[in-house]
Amino acid sequence: MIRPDIFTETATALKKIYVNHLPQLRQLRDWQSKYRILMTLGRELPTFDSEWHRDEFLVQGCESKAWLLHYQDPVTTQHFWAFDSDARIVKGLVILILTQVNGLTAEELAEATPELLLTELQLQQNISQSRSNGLLAVLNRVKASL
Amino acid sequence: MNFDLRSLRQQFPFFSAHPDWIYLDNAATLHKPQAVLDAMNTFYSQHNSNVHRSAHGLSQQATAAFEAARNTVAQFLNARFSHEIIWTSGTTAGFNQLVFGLMGPVLQSGDRVLISSMEHHANIVPWHIHALPFGVQLDVVPLTADHRFDLAAYSELLKLKPKVVSISHVSNALGYIQPIADIVRLAKEAGAIVVLDGAQGIVWEKIDVQALDVDFYLFSGHKLYGPTGIGVLYGKTQYLELLRPLLGGGEMIKTVSFSSSSWNDLPYRLEAGTPNMAGAIGLAAAILWLQQQDLTAFQQHKSALVQRFYAGCQQISALELLSGPTTNAGIVALNLKNEHPADLATLLDQQNIAVRAGTHCTMPLFQALNVKGSVRFSFACYNSFDEIDRTLTALATAVELLAE
């Protein structure tokens, strides 16, 4: 059973990250400081119940596991996600992606290019390595939510 | 060290293209010396024609070069006949042909096959696809407490009278050199056909298939300084003769009518389609190159690299080492306590250190070890002590970042 407030709690956490951490990440130049923040972003998210670590929510990656829950508001058409991964860097990268798309309407999501944020933050090399870290699979799953 | 590392590295153009990188993913694929690239370039620019088919002289030249490559491999392995060298696209393809080919002529419902816990998926999944659905049973040699091949348990399992025993020469995940002489001898005593997966072992030591008395030995070109897309399935003539071809068409036939076909002789019977001619020639060039090197010095150097890296890792207390430095062909697998191997590998990648993270195509091994995976550092003859020291520094940086 999915606790419905996981989506509202995740949305609140993502907004907080958007306001507090994105400007910080944009300013940083050295990779250590960037990854230091990236690896702690997961702590901002609400608890992802271990019972949701189910195959139906699993996004197929190679090395790390990633679970993505999705909910679309039938009235507003807004999309919401909740997420977990057993690897910290992937978790941080997906959180960054979700800050760009969470709460978008179907129409807005069709136009969205969340991966551009990673290019801007010079974290794009993680997308090309996605066969191993599953990030591209998550990106595709997010876009396929339409 | 009996070789000049600097001049050795200069023979590998990849390193001048990537001077900032430390490449420690050698168990995944090795870099190629210039001699291999030159041989392939010469083949395509001067000798390219399809082999065995055409009447013209150019084809005969190409065929001669292609068959000379087969002879080079046969001599390298000390095979009795060059037709015992079957070209494959790699070890995985070789295993698929082998397992498919054994079903029926050798293996029937109720027969047993023995593999080990350390096997690569290439020596597991083909059995699942081609053998288990037809009633063959797979038994597995467990690991000892220190993650090595359990010879005592192996001897016990041989009492179940497996028809085929199929074991890796060197573990791709842990680096351990298996006791192949004992493995082969005990299997023969038990009356089994014995197969060795040489994907990681071929680059470590000289193999004499006749002295070893192994029935099948498989390896890939790209893990022997050669090109990708070419590999070898060596088999004794009497057993190769038994194998049913997995692929049909092209060079493998003798006569074809609409209702039936008869097959060509070895080795062509098991080589359907236009072969990877440039690949075979590249692999032969790699072998000729390797034969000019001091293999014992390479072994000593790789062992010294492993020892130095292992000793450095022991200074970082949060690291959990999955493989030890003795009887190790050049692979160290480790984890950082409570952290995912992918995170550690990404932080090394940020520092231009190429390693592999995950379960290394040996998921059942990691289930047996009860860990998620590992970060694998694999060393080759061209790696330096300086690279080891820089990697240890980078590793310490990554560990520090993850500890925050």
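This is a predicted model: local features need pLDDT of at least 70, side-chain atom pairs count only at pLDDT 80 or more; totals for chains, interfaces and linings use all residues.
Residues are numbered from 1 along each chain as its sequence is written, with chains lettered from A and ligands numbered from 1 in the order in which they are written.

As for overall form, the C-alpha trace of chain A spans about 40 × 30 × 25 Å along its principal axes. A compact globule of 146 residues would have a radius of gyration near 15 Å, and chain A agrees with its 14 Å (taken over C-alpha atoms; the globule rule is 2.2 Å times the number of residues to the power 0.38). Chain A holds eight helices and three strands, which are DSSP runs numbered from the N terminus (H or I, at least four residues, for helices; E, at least two, for strands). Their order along the sequence is α-α-β-β-β-α-α-α-α-α-α. Take the contacts in chain A between residues at least 6 apart in sequence: 61% of them join residues at least 24 apart, a contact being two C-beta atoms, placed from the backbone, within 7 Å.

Now for the partner. Chain B averages a pLDDT of 95, and 100% of its residues score at least 70; pLDDT is the predictor's confidence in each residue, from 0 to 100. For the complex, the predictor gives an ipTM of 0.89 and a pTM of 0.93.

Where the chains meet, 14 residues of chain A are in contact with 12 residues of chain B. On the chain A side, H2 (31-38), H3 (88-101) and H7 (130-133) each supply at least two residues, and H2(A) gives the most, with four.

Within chain B, helix H12 (residues 295-314) has 20 residues, which at 1.5 Å a residue should span 28 Å; its end C-alpha atoms sit 29 Å apart, which agrees (the expected span is 1.5 Å times one less than the number of residues). Its buried residues are B:Phe298, B:His301, B:Lys302, B:Leu305, B:Val306 and B:Phe309. Seen down the axis of H12(B), they fall within an arc of 135°, so they line one face of the helix; the arc is that of the directions from the helix axis to the C-beta atoms. That buried set packs against strand S12 (331-336), strand S15 (374-378) and helix H15 (385-403) of chain B, whereas B:Thr296, B:Ala311 and B:Gln314 are exposed on the other side of H12(B).

Terms used:
A residue is buried if 20 or more other C-beta atoms lie within 10 Å of its own, exposed if 12 or fewer, and partly exposed in between; C-beta atoms are placed from the backbone.
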